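Reader: I have a structure open on my screen and would like to learn how to read it. Could you walk me through it, one feature at a time?

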Amino acid sequence: MTKQKVIKVKNLTKKFGNFIAVDNISFEVKEGEIFGFLGPNGAGKTTTIKMLTTLLQPTKGSIRVNGYNPASQADKTRKSFGIVFQDSSLDEELTAFENMEFHGILYSLPKKLRRERIEQLLKFVELWDRKNNLVKTFSGGMKRRLEIARGLLHHPKIIFLDEPTLGLDPQTRKHIWDHIKKLNKKEKTTVFFTTHYMEEAERNASRIAIIDKGKIVAEGTVNTLKKKKKAKTLEDAFIKFTGYSIREETATPLDRLRLRRKWRR
Amino acid sequence: MTLSIIYVLWLRQIKRYFRSKSRIIGSIGQPLLFLLALGFGLGPIYQKAGGGNYIQFLTPGIISMSILFTALFSGIEIIWDRQFGFLKETLVAPVSRLQIMIGRTLGGATVSIFQGIIISIIALLIGFHPNWSMFPLAIVFMILIALFFTALGTAIASKLEDMHGFQLIINFIVMPIFFLSGALFPLNGLPKALLVTAIINPLSYGVDGLRGTLVNGSHFGLGIDLLVLGVITTLLLVLGAYLFSKIQI
């Protein structure tokens with residue numbers, strides 16, 4: 001193994017008051033891997049991603065993303081990755097093009113390159129015809145596609161996808177994954193993703209970690225995980241690793257907002 | 001590259017403002033109501049009491065009010081951006097929090113000054129006669145008021161998790177600041193308690209400065225107005241930038 005480790009996490013812990021969201025986890029992701037980070041609701045996936053992407057400070061433990069420490073070298077870390085959040089982070093009062101343009105300027109892409117890539121990506125997610133429409137007029141799937149296109153705009157070394165294909169139809173999901181895989185091959189982009197669709201993880205991930213109640217309960221390729229639990233599918237293995245009980249989460253302000261957004265639709 | 005980042009954040013605030021027709025109408029409507037209802041309603045009494053033309057007196061107060069409302073609201077918009085997710089997009093970008101804060105604040109301030117100028121123009125139409133020679137200094141006061149309250153909004157929004165606190169802010173910050181600033185009444189001969197609240201109220205210096213430049217008759221003196229407003233605006237910009245840099249999502 002000569003491949004570089006682009007993400008290194010050691011004894012990482014995050015506490016919110018008395019609640020331990022992430023409990024002493026360690027894992028590594030190699031350059032060019034497509035790494036699936038799976039777990040039931042409230043397992044600590046999003047909290048981990050937030051710590052990796054400089055949005056939250058860890059309580060304990062160390063993180064290296066592309067060799068940088070997100071807590072103390074935020075700027076260098078931020079240049080290394082792109083992210084598609086679980087919840088929309090588009091500006092709905094701007095057009096699709098303006099959202100892309102804004103992103104390109106924030107990441108200091110020169111104008112010519114920026115315009116080229118925006119056109120290419122918007123065509124790819126089939127939003128080029130709608131580029132001058134305000135995002136608030138878009139359907140959920142269109143917003144998702146735009147968000148993914150935007151996350152890829154600055155050709156990051158690592159891309160974090162937090163449930164990227166939630167609410168998309170199978171066609172769009174396949175289309176987007178094909179593109180991500182192409183990018184992964186061509187540019188050696190490392191992909192770190194979470195999902196609740198097990199067949200999506202089974203089909204795309206080169207390696208998987210399963211997190212439950214803040215702890216990593218299993219790690220390995222899809223086949224190793226299946227073998228370990230003598231399961232036919234990844235879904236079976238997942239259930240065997242994490243149990244049958246349904247998870248309760250207390251509502252955060254964000255959850256309340258998600259609910260409100262659903263009502264508005 | 002830094003400038004283009006500040007510019008694009010500024011531009012976003014401007015675009016959002018001009019695209020939201022309801023926001024423009026709403027935020028011009030309220031000051032206009034105050035100007036017309038109070039200006040013409042209390043005008044005759046004010047004149048009889050020997051105060052002179054009330055529209056002359058009131059207009060600088062209403063200009064300040066419209067800037068106060070819009071600026072504070074622009075700062076508070078961070079809560080919306082937090083809830084609708086867009087804040088994350090800027091916070092994970094490789095730009096410093098200070099750049100984000102500067103761009104947003106300038107955008108919010110620009111929009112509020114625009115609002116103040118609209119109110120000035122409307123006031124001209126209903127018979128307001130400003131002292132044109134001091135107009136450039138009046139613009140300086142508008143800029144200071146706008147920056148101060150945008151920064152205040154930013155500071156408050158950085159500490160709030162969701163929109164529930166918003167109504168509280170309107171009732172316990174914006175309204176008292178406006179009503180106790182001397183925007184509607186002269187500070188001369190006020191009861192002691194009311195005078196003290198006016199003296200510790202940042203907007204008082206803005207109102208007083210605008211009144212001093214546009215129609216003469218400043219209470220504290222233009223030098224004091226400029227000094228106080230300049231100092232507290234600088235302090236609040238620093239505080240706003242600090243609190244904004246501490247936001248965790």
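**Reading the model, feature by feature**

Author: Happy to! Let's begin with one residue: Lys76(A) is partly exposed, as 16 other C-beta atoms lie within 10 Å. Please keep in mind that this is a predicted model.

Reader: Which helix holds Lys76(A)?

Author: Lys76(A) belongs to helix α2 of chain A. For a sense of scale, Lys76(A) and Tyr244(A) are 41 Å apart in space, C-alpha to C-alpha, and 168 residues apart in sequence.

Reader: How many helices and strands does chain A have?

Author: Chain A has 10 helices and nine strands. Its radius of gyration is 18 Å, close to the 18 Å from the globule rule for 265 residues, so chain A is as compact as a globular protein of that length. Of those 265 residues, 43% count as buried. Among the contacts in chain A with a separation of 6 or more, 68% are between residues 24 or more positions apart.

Reader: Now the sheet, please. How are strands held together in general?

Author: Strands of a sheet pair through backbone hydrogen bonds, in either a parallel or an antiparallel way. Here, six strands of chain A form an open sheet with mixed pairing, in the order β5-β6-β7-β3-β8-β9. At the edges are β5 (81-84) and β9 (215-220) of chain A, each pairing on one side only. From one strand to the next, the twist averages 15°.

Reader: Do β3 and β8 of chain A run parallel or antiparallel?

Author: Strand β3 (residues 34-38) and strand β8 (residues 207-212) of chain A run parallel, joined by four bridges. To find your place, look for Gly36(A), which stands opposite Ile208(A) in β8(A). Helix α9 (residues 234-242) of chain A packs on the sheet and touches β3, β8 and β9 of chain A, its direction making about 35° with that of β8(A).

Reader: And the interface? How many residues does each chain give to the contact?

Author: The size of an interface is often given as the accessible area lost when the parts come together. Here we can go by residues: the contact takes 25 from chain A and 24 from chain B. On the side of chain A that touches chain B, the elements giving two or more residues are α2 (74-80), α3 (96-106) and α10 (253-264) of chain A. By class, that side has 12 nonpolar, five polar and eight charged residues.

Technical notes
Residues numbered from 1 in each chain as written. Chains lettered and ligands numbered in written order. Predicted model: local features only at pLDDT ≥ 70, side-chain atom pairs only at ≥ 80, totals over all residues. Contact = placed C-beta atoms within 7 Å. Nonpolar A, V, L, I, M, F, W, Y, C, P; charged D, E, K, R; others polar. Rg over C-alpha atoms; globule rule 2.2 N^0.38 Å. Buried ≥ 20, exposed ≤ 12 C-beta atoms within 10 Å, placed from the backbone. Pairing = 2+ DSSP bridges. Axes fitted to C-alpha atoms, helices over the stretch in contact; angles between N-to-C directions.
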